[in-house]
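Please look over the model shown here.

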Amino acid sequence: MKNKLLIDIGSTYFKVSDNENLQQHFRDFNKDIFDDLKYKCNEILEKYKKEDIYICSSANGGLSTLIIGTSNSFSLKFATNIAFNSGINIIDTVLYQDIKTTSIPSDLIDVVIIAGGIDSVSKLFDEELFNYLEQINYSNIVYVGNKNDSEELSKKIENLVVLPNIINNKLQVNEDELKEYLTNLYQADIMGKEDIKHLYDITSNQIYPTPYIVNKTLPVINNMLKVADPFILVDIGGATTDIHYSTTLVNDNMIKNNEYDRLVFKKLGVFKSKESLIFAAKNNEFVYELLANMNVTENIFEEQSDKAIKVLMKLAIFLVLYKVSEAHPQYVHLKLNLLKSIVLTGGITKVLKDEEVEDIVGFFYKKILNSQIKPNIVLDSNYEIWTLGITQK
């Protein structure tokens, strides 16, 4: 971007892009992000006015949610889709009729979402909801169900945020208000981090979550890379692995306003969330065969080496494809058999070669989709695709 300085703050390193080049710096974790950035890039920072500096960040690693809904087909399905597409990591969903027997999550939940019913119904919730909520630990709670129950729930649930119903009377999704609320919550979480707050000393523009910014690049991706439709973009970083996709690839009947959506997998990063990535790998029935295909054993998980990082990145590719395939219906199911291209960005592009990625994708298509045909692999080798979206309106 001419006369603009673009900065992406990641969980393990940050990128700085100006008119001339793109720099990448591994973060010094003994320093505040702001101090580290100033130390390494002060000369270039001083060349730009605050209004010409744009920043995005994934350093907070994302937010978690628990969703309570009255039906799998509508309230849970709609709320889950909106949460994923807002960059929120879903730790559990609770079908209200099963709430008595549902296990209680031990982790702190960033936001609880309650949904259910169209606006012509009422009295879908009772004391069982309040008893359940008393047992869990959460920071925020939002209601997006039928409007008739909102008053009673507001009386019984402290600090409940009430938004318009996500299900309209035609049983179609109404996503705008909840999506804006969750995006703002993500933004507030970024702002709550002390070292992120200081970044506003150098910019007058809003700091957005990196997954939100990357998603905005998809309509204009061919300005930088040669990509055939339909495609997905996989962003593998230190804290999360994100997948961005065209809504035409979703195998459901939801009517959406947006052309592209995203899922953020908070526990599939290769550095900050390495342990949870390994846990997910060990619990996947196909991973040991994949490790054998890579000529390694599970002992690689105990290693601290470049080879081990490569293995983790390959596993992240496999696991994220698996989680959105027909083999794993918990998440959004994408029609991966229709893909023409898979674009990869993030730290992975500096570590893996094209043929290594093709080998993993080929294994996935052959083993999971039972197909010898696989999409074309496109690597964002300069790790700069985010620069297309950061100044998009």
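Buried means under 20% relative accessible area, exposed over 50%, and partly exposed in between (1.4 Å probe, protein chains only). Helices (H or I, at least four residues) are DSSP runs numbered from the N terminus. The model is predicted: local features need pLDDT of at least 70, side-chain atom pairs count only at pLDDT 80 or more, and totals for chains, interfaces and linings use all residues. Residues are numbered from 1 along each chain as its sequence is written, and side-chain values use heavy atoms, with hydrogens and water left out.

In helix 8 (residues 274–282), Lys 274, Leu 277, Ile 278 and Ala 281 are the buried residues. Seen down the helix axis, they fall within an arc of 100° (taken from the directions from the axis to the C-beta atoms), so they line one face of helix 8. Glu 275 and Phe 279, on the other side, are exposed.

A nonpolar core is a set of buried Ala, Val, Leu, Ile, Met, Phe, Trp, Tyr and Cys residues joined through side-chain atoms within 4.5 Å. The largest has 76 residues; Ile 113, Leu 178, Ile 232, Ile 317, Phe 318 and Leu 334 touch the most other members. Helix 10 (residues 306–323) gives the largest share, 12 residues. Domain 2 (64–176) and domain 3 (213–391) both contribute, so this core lies between them.

Domain bounds come from an automatic or database domain assignment.

| Domain | Residues |
|---|---|
| domain 1 | 5–60 + 193–206 |
| domain 2 | 64–176 |
| domain 3 | 213–391 |

Between domain 1 and domain 3, 15 residues of each are in contact (heavy atoms within 4.5 Å).

Note on methods. Helix = DSSP H or I, 4+ residues; strand = E, 2+ residues; numbered from the N terminus.
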